[in-house]
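Morning, everyone. Please have the sequence and the model open while I talk.

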Amino acid sequence: MIEYPTFVTHLECSYTGKHYPADTPQGLSEAGKPLLVRYDLEALAAGVSKIHLIDREPELWRYREFLPVRRSENVVRLGESMTPLLAARKLEEDYGCARILIKDEGRLPTGSFKARGLALAVAMARELGVRRMAIPTNGNAGAALAAYCAAADIETWVFCPADTPRINVEETAFFGAHTFLANGYIHDCGKVVGAGREEMGWFDTSTLKEPYRIEGKKTMGLELAEQLDWQLPDVILYPTGGGTGLIGMWKAFAELEAIGWIGSHRPRMVAVQAAGCAPMVRAFETGSRHAALWENAHTIAAGIRVPAAVGDFLILDAVRESGGFAVAVEDADILAAQRECARREGILLCPEGAATLAALKRELASGRIRRDERVALFNCATGLKYPLPAEYGQIDLGQPIDYAALQEPAPIADLRP
Ligand SMILES: *Cc1c(COP(=O)(O)O)cnc(C)c1O
């Protein structure tokens with residue numbers, strides 16, 4: 001049994017600061033708020049240096065000192081590789097921007113960055129003896145949980161809103177998770193998971209209702225910093241649902257500064273939401289620390305269709321402390337940005353990732369983002385998980401091919417027998 005060096009000291013309520021022990025399964029704090037993992041950062045700083053990273057595999061576990069897993073046997077590996085940070089050169093040229101970077105998280109297991117969080121949650125569940133896990137999801141989190149739990153022999157229950165992208169639902173069920181559609185939103189599914197805890201004996205793996213998914217998402221911040229040689233970008237645009245990634249990166253930057261790996265420069269954190277579901281934007285604009293439930297939420301960007309987030313104040317605090325802001329974009333602009341990035345850069349963004357590009361365009365025009373700023377966008381999943389328009393023609397191999405007509409193919413429906 002190989003021991004991972006771990007510097008965890010305790011869990012801390014993100015709202016009251018109350019301490020909780022780290023060596024038993026924990027949900028929310030008594031105040032009903034997320035628990036954050038705290039480390040002995042002095043010991044961590046003494047235990048690892050940037051030099052150590054050079055020889056390590058280009059994967060999430062290269063940052064193991066910053067993570068809570070104690071025994072390596074509990075880690076399930078499905079290929080959590082570092083994700084590319086792509087320079088969008090033609091978009092830079094088109095918009096006159098100094099630097100547009102796209103962190104392409106679609107390469108992770110199950111095709112989304114949810115793998116980062118769930119890899120940690122499942123490793124910790126094993127470490128703490130959890131045998132059954134349940135989750136409400138708009139798709140990607142359920143698929144990631146199902147995959148890691150299949151490998152870890154943990155029984156899984158997944159509840160999705162009925163309009164969750166179908167491929168995610170099918171993927172989740174195919175991994176062997178007990179999978180259900182429900183006629184409601186993700187927070188309604190969350191209530192089913194919460195209320196079933198005692199009868200079903202499952203561990204509630206909802207966003208921020210357990211302390212470890214955020215530690216996995218934190219590795220996005222560590223990785224981004226390392227890939228940029230420890231010089232953080234000026235602006236990060238993050239498609240914000242429950243906010244785990246934004247909060248996690250903010251935590252990563254604080255820990256990196258505490259151990260002296262980066263200075264005090266912070267990116268401005270921009271929470272990007274869809275106009276049809278923008279609780280953080282409304283709260284940001286009205287100056288409130290908490291976000292009220294967003295009624296009748298709708299957007300094609302399923303991953304950010306989150307009407308209520310338990311970590312609302314953590315998102316809003318990070319955005320405000322960083323000097324950033326929250327912004328909503330229309331679905332039509334999301335689709336236009338997705339197409340633009342595909343055609344100009346050869347990068348197929350998911351709608352949530354495309355929302356960050358739509359937001360960038362909007363804020364370059366408004367002046368809230370300057371053209372000399374170095375900007376990082378997050379593409380959180382592969383665009384292949386979402387339906388694309390049928391923009392292709394059809395040929396009839398039983399007929400001579402009219403090559404001239406290939407320039408302007410008839411709409412596909414017209415060609416069907
Ligand atoms: C979950 C998800 C998001 C939102 O991430 P949070 O960190 O929970 O805010 C964005 N995009 C995609 C594709 C997702 O699956």
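This is a predicted model: local features need pLDDT of at least 70, side-chain atom pairs count only at pLDDT 80 or more; totals for chains, interfaces and linings use all residues.

A search of the whole structure finds one cavity of 30 Å³ or more. The largest cavity holds about 60 Å³ of space. Its lining is made of 13 residues, and the closest to its centre are Ala121, Ala125, Phe203, Glu210 and Tyr212. Which helix gives the most to this lining? That is α4, with three residues.

So, on to α4. The helix has 14 residues. From first C-alpha to last, α4 reaches 20 Å, close to the 20 Å expected at 1.5 Å a residue. Is α4 enclosed or open? Of its 14 residues, 13 are buried, so the helix is largely enclosed by the rest of the structure. After α4 comes Gly129, with a positive phi near 80 degrees.

Buried or exposed? Leu118 has 0% relative accessibility, and the cut-off for buried is under 20%, so Leu118 counts as buried. What does Leu118 touch, leaving out residues up to four places away in sequence? The contacts are Ile135, Ala141, Ala144, Leu145, Tyr148, Thr205 and Arg213. For a sense of distance, take Pro409. Leu118 and Pro409 are 291 residues apart in sequence, and their C-alpha atoms are 45 Å apart in space.

Now the strands. Look at β5, residues 99-104. Five of its six residues are buried, so β5 is mostly covered. Which strands pair with β5? One is β4, residues 85-87, which pairs with β5 in the antiparallel sense over three bridges. In that pairing, Leu85 has Lys103 of β5 as its bridge partner. Another is β13, residues 374-379, which runs parallel to β5 and is joined to it by six bridges. There, Asp104 has Asn379 of β13 as its bridge partner.

Next, the pockets. The largest pocket has a volume of about 610 Å³. It is lined by 40 residues. Nearest its centre are Ile186, Thr207, Gly242, Val306 and Ala308. Which elements each supply at least two lining residues? They are α5 (140-152), α7 (186-195), α9 (213-227), β10 (235-239) and α10 (244-258). Of the contributors, α7 gives the most, with four residues. By class, the lining of the largest pocket has 18 nonpolar, 16 polar and six charged residues.

Then the second largest pocket. About 450 Å³ of space lies in it. It has 19 lining residues, and the closest to its centre are Leu335, Gln338, Pro387, Leu388 and Pro389. Helix α13, residues 331-345, gives the most to this lining, with six residues. The classes here are twelve nonpolar, two polar and five charged.

Last topic: backbone angles. Most residues other than glycine have a negative phi. Two residues to look at here are Asp153 and Asn296.

Take Asp153. Its phi is near 60 degrees, a positive value in a residue other than glycine. Where is Asp153 placed? It lies in the loop between α5 and β7, the latter being residues 155-161. Asp153 counts as exposed because its relative accessibility is 58%, and the cut-off is over 50%.

Now Asn296. Phi is near 50 degrees, again positive in a residue other than glycine. Asn296 lies in the loop between α11 (279-285) and α12 (312-321). At 60% relative accessibility, Asn296 counts as exposed.

To recap. Helix α4 is largely enclosed, with 13 of its 14 residues buried. That helix also gives the most to the lining of the largest cavity. Helix α7 gives the most to the lining of the largest pocket, and α13 gives the most to the lining of the second largest pocket. Asp153 and Asn296 both count as exposed. That's my tour.

Methods:
Residues are numbered from 1 along each chain as its sequence is written. Side-chain values use heavy atoms; hydrogens and water are left out. Buried means under 20% relative accessible area, exposed over 50%, partly exposed in between (1.4 Å probe, protein chains only). Contact means heavy atoms within 4.5 Å. Two strands pair if DSSP finds at least two bridges between them. The expected span of a helix is 1.5 Å times one less than its number of residues. On a 1 Å grid over the protein atoms alone, a cavity is a set of points where a 1.4 Å probe fits but cannot get out, and a pocket is an open set with protein on both sides within 12 Å along at least five of seven lines; lining residues have an atom within 4 Å of a point. Grid points are joined across faces, edges and corners, and a volume is the space filled by probe spheres set on the points. Ala, Val, Leu, Ile, Met, Phe, Trp, Tyr, Cys and Pro count as nonpolar, Asp, Glu, Lys and Arg as charged, and the others, Gly among them, as polar.
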